[in-house]
Amino acid sequence: MLNFDEQLFLKLVEQEGLGFRGQIEEIVDGIAKKGYSNIFLIGAGGTIAMMYPYEYILKSSSTIDVHAEIAAEFMVMNNRHFSKDSVCIFTSVSGTTQETVAAAGFCKERGATTIALVAERDTPLTKIVDHCITTGSEKHSFDTFFMLLYMVVFRFMYNNNEFPQYEQFTKEVALLPRAILDAVKTFDPKAEAFAKEHKDTDYHMMVGSGNLWGNTYSYAMCILEEMQWIHAKSIHAAEFFHGTLELVVEDTSVILLKGEDETRPLMDRVERFAEKITKKLTLIDTKDFAMEGISEEFRKHFAVSINWSVLSRISAYLERERNHPLTLRRYYRQMEY
């Protein structure tokens, strides 16, 4: 596969990533024993998008009070749910994202418990928080973060007496890296075909829902807009019929990200409409991937990782077909603003 080293992926995500289980359980168990009032999932750009699936999971599967907040907005809004008894969780690849570092400092100064997942060592974020998991590599860091966040939120649920299946769940988490690898191999020819067909497409509608809404939001903004300079809009399936549908015509590129959670019927409705109107409909459905060894009960949760990994294959081929490096920026971290 283009720009994909299987052995490196398994080393970073499977061998090293799964090794953080004990550390995560020790951190979460200690916080649960001490007590807390709620959980704040805080980030900026791709990392707040990464938090949305876990906010959805906690809201739909737990009574734990949870809030996913954009870091810069959190800093100015005077969130009345936040207190010294809150648990605040952050992720960052570089550990230097200005808004995230500021929010972590804000939470720490007010006595809240802070946890971070960071790829790079010895960064401003790693030095601020109470508990830090440092993975040590930017490569495949999102795949690892997604997996570790499953362990974090489901361990909180386990300690809240809401998830007795935790041991079985972690056994299936251990199967996830191989399931991801199988999915990207299966999807790779479709990713290349998409990139060739759409290398000159100047606008995409991306539609998602439930625990795939974060991926939808992130891929449109952080990959298509930021990394490929392609106009794109993320649309929640529940909102699609309240405005956006009027812009769909025969040659509009509509990309549907279908998962397996409770919101799938919302996506089915958009699909039924879109297939009647546009000839440029792309459907990426996690049900098309085997996820060997993973139970029906947990597939809906792991759909987040599977979906993100196959989208990343499209990124690799768009970069080649458009001769536009994913690292190229006009403004982001290139100037003061």
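A residue is termed buried when its relative accessible area is under 20%, exposed when that value is over 50%, and partly exposed in between, with a 1.4 Å probe and protein chains only. The model is predicted, so local features were required to have pLDDT of at least 70 and side-chain atom pairs pLDDT 80 or more, whereas totals for chains, interfaces and linings use all residues. Residues are numbered from 1 along each chain as its sequence is written, and side-chain values use heavy atoms, with hydrogens and water left out.

A search of the whole structure finds 24 salt bridges, a salt bridge being a side-chain nitrogen of Lys or Arg within 4 Å of a carboxyl oxygen of Asp or Glu. One of these joins glutamate 14 to arginine 178, with an N to O distance of 2.9 Å. Because glutamate 14 belongs to helix α1 (residues 6-17) and arginine 178 to helix α9 (residues 176-197), this pair ties together parts that are 164 residues apart in sequence. Helices (H or I, at least four residues) and strands (E, at least two) are DSSP runs, numbered from the N terminus. Glutamate 14 is buried at a relative accessible area of 15%, while arginine 178, at 47%, is partly exposed.

A salt bridge of 2.8 Å (N to O) is formed by the side chains of glutamate 271 and lysine 258. Glutamate 271 lies in helix α11 (residues 264-277) and lysine 258 in strand β8, 13 residues apart. Both are buried, glutamate 271 at 17% relative accessibility and lysine 258 at 3%. Glutamate 260 and arginine 299 also form a salt bridge, their closest N and O atoms being 2.8 Å apart. Since glutamate 260 is in the loop between β8 and α11 and arginine 299 is in helix α12 (residues 296-322), the pair connects parts 39 residues apart in sequence. Glutamate 260 and arginine 299 are both buried.

Glutamate 172, in helix α8 (residues 166-173), is buried yet has no salt bridge, and the nearest side chain of opposite charge, that of lysine 171, is 9.1 Å away. For charge, Lys and Arg count as positive and Asp and Glu as negative, while His and the chain ends are not counted. With neighbours within four places in sequence set aside, glutamate 172 is in contact with Gly293, Ile294, Ser295, Phe298 and Phe302, contact meaning heavy atoms within 4.5 Å.

Strand β1 (residues 38-43) is mostly covered, 6 of its 6 residues being buried. Asn38, Phe40 and Ile42 point one way from β1, and Ile39, Leu41 and Gly43 point the other way. Strands are taken to pair if DSSP finds at least two bridges between them. β1 pairs in the parallel sense with strand β3 (residues 86-92) over 5 bridges, phenylalanine 40 standing opposite cysteine 88. β1 also pairs in the parallel sense with strand β2 (residues 66-70) over 5 bridges, where isoleucine 70 is the bridge partner of glycine 43.

A parallel, open sheet of 4 strands has the order β7-β6-β8-β9. β7 (231-236) and β9 (280-285) stand at the edges with a single partner strand each, so one side of each is left without a neighbour in the sheet. Strand β8 (residues 253-258) is joined to β9 by 6 bridges, and isoleucine 255 stands opposite threonine 282 in β9.
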